[in-house]
Amino acid sequence: MPKLNVLVAGSTGYIGIQLIKLLVTHDKINIKYLCGNSSVGKDVADYEKSLRLKKLPKIVKFNKSFLKSVDLIFTALPNGEAQRMSNDLLKNNVLIDLAADFRLNKTSTYLKWYKQKHKATFNIKRSIYALPEITGNRIKKFDIIGCPGCYPTSILLPLIPLIKKNLIKLDNIIIDSKSGYSGAGRGIHKKYKDKNLYESLSAYGVGFHRHNSEIQQELDSIAKKKLSFTFTPHLAPMFNGILSTIYVDLNKGTNIRKLEKTLNDQYTKNGFVKILKTNSLISTNDVINTNNCHISICETKYKNRVIILSSIDNLIKGGAGQAIQNMNIRFGFKEKKGLKWNTFF
C-alpha cells in the first residue's frame, strides 16, 4: 500500500505537535500539509526543536483545494472548526478529529455543553465515537472519526467492561481526575494568569465540565439506562499525564477478582491497556510518553466498595496517540505502528 498523504490542521498546539512527532516515525505516512493561522509561513520546528531535522512542509493556511491531494485529515482545532471542514470532504478523504466536534450523537447535547450550534449535523450520522479498544474494527466503516477526550479515555477504559458485565452499581460513581496543564492548551498561561500552575493544584469545571457529556453518553449506552456519576477535574503542577481515581460500589456477589478478570479478558490481547495487580499504586510517570493506560483496582475499608486508579498520557493516549491508533485500525495497519516508545520524545 502506498503512503497516505496527510494534512494536519492545528499543527502548532500541544496536541498538534505531539501528533506530528508521532506521524514522522510512521513509515506509511507522508505529511503533505501542515496548516495553521497565526503560524502561517513558519516552520513547525520553531515550535518544537526536536523536529528541526525532519523534512516537513512550512505551515500554510488551510484551503479546501488541498483535500484533492490528501487521503487523511487530522484536525486538532478549536471546537466547531472540524465541522466546517467536514462539509467539504471528498469521497477519498478520511477525517480524524481530536476535538469534540464528532463526540456527541445529539446536536441538542452539543449545544447544551459547547454553547454553539453544530454546523455539520448530517455528518454526525456518518461519524463514529472511536475509543479503539472498545470500538475495534467498526472504525473501518467510517470516514469521520471522533476521538474521545483525554479525561473520558482514562475513565471509560476501566468502567465500560465492568458496566457491561453488570459488576458495579450505577447510582453512585465518583470520579476525581487530575491532569497536567497541557490539557488546557497553549493558552493556559493567559487563562490562568493569576494561578501558579507549577506549584498548585486547581479544581475547575466543577460539576459542569464539558467531558461530562461524552462520559454520560457512552456509559448510558453500555448500561442501557441513565446512570449517575460525579466528575471533578483538576489541573496538577505537571506538564502532561492524567490520573483518574474512580470510586465504585460493587453489585451483590461481585469481588475484586471478578473485576480484574473482566478487565483482563477485555484487554489481554491489547497492547496498550495494562491491568496491574490488586492494590498497585500507579503514577503518571509510568505512562508518560507512551500510548499506554495503566489500571489498578484497590481495596477499601468497605467490602462492597473499591477504588479504581487509571493513568494515561493526556497528549498521547488521550490525544495524538489514540488518533494514530484509530488511523491504524481504519487503514488496516498494525495497531502499534508509529506508537512504540522511542527516544525521539
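Predicted model: local features only at pLDDT ≥ 70, side-chain atom pairs only at ≥ 80, totals over all residues.
**Figure 1. Lysine 224 sits in the loop between H8 and E10.** Lysine 224 has a positive phi of about 65°, even though it isn't a glycine. Is lysine 224 buried or exposed? Its relative accessibility is 74%, so lysine 224 counts as exposed, the cut-off being over 50%.

**Figure 2. Lysine 115 also has a positive phi without being a glycine.** Here phi is about 55°. You'll find lysine 115 in the loop that links helix H3 (107-114) and helix H4 (121-124). With a relative accessibility of 66%, lysine 115 counts as exposed.

**Figure 3. Aspartate 220 belongs to helix H8.** This residue is buried, with a relative accessible area of 17%. Which residues does aspartate 220 touch, once those up to four places away in sequence are set aside? They are Lys225, Lys226 and Leu227. Now look for leucine 170: it is 50 residues from aspartate 220 in sequence, yet their C-alpha atoms are 9.5 Å apart in space.

**Figure 4. Strand E11 pairs with E14 and with E8.** E11 (residues 242-249) and E14 (residues 305-312) run antiparallel and are joined by eight bridges. How many of the eight residues of E11 are buried? Six of them are, so E11 is largely enclosed by the rest of the structure.

**Figure 5. Leucine 159 is one of the residues with the most contacts inside the largest nonpolar core.** This core has 42 residues, and Ile168 and Ile308 join leucine 159 at the top of the contact list. H6 gives the core its largest share, nine residues. Leaving out residues up to four places away in sequence, leucine 159 touches Ile168, Ile173, Ile175, Leu219, Ile246, Val248 and Ile308.

**Figure 6. Serine 280 is found in the loop between E12 and E13.** Is serine 280 buried or exposed? It's buried, with a relative accessible area of 18%. Setting aside residues up to four places away in sequence, serine 280 touches Ser296, Cys298 and Leu309.

**Figure 7. Another open sheet of seven strands has parallel pairing.** Its order is E3-E2-E1-E4-E5-E7-E6. Strand E3 (59-60) and E6 stand at the edges with a single partner strand each, so one side of each lacks a neighbour in the sheet. Strand E5 (residues 94-97) pairs with strand E7 (residues 144-146) in the parallel sense, through three bridges. In that pairing, isoleucine 96 stands opposite isoleucine 145 in E7.

**Figure 8. The second largest pocket holds about 370 Å³ of space.** Its lining has 19 residues, and Ile128, Tyr129, Thr135, Arg138 and Glu218 lie nearest the centre. Which elements each supply at least two residues of the lining? They are strand E6 (127-129), helix H5 (132-135), H6 and helix H8 (211-223). The largest share, four residues, comes from H8.

Terms used
Residues numbered from 1 in each chain as written. Heavy atoms only, no water. Pairing = 2+ DSSP bridges. Buried < 20%, exposed > 50% of the residue type's maximum accessible area, 1.4 Å probe, protein only. Contact = heavy atoms within 4.5 Å. Core = buried A, V, L, I, M, F, W, Y, C linked by side-chain atoms within 4.5 Å. 1 Å grid on protein atoms, 1.4 Å probe; cavity = no way out; pocket = protein on both sides within 12 Å on 5 of 7 lines; lining within 4 Å. Points joined across faces, edges and corners; volume = space filled by probe spheres on them.
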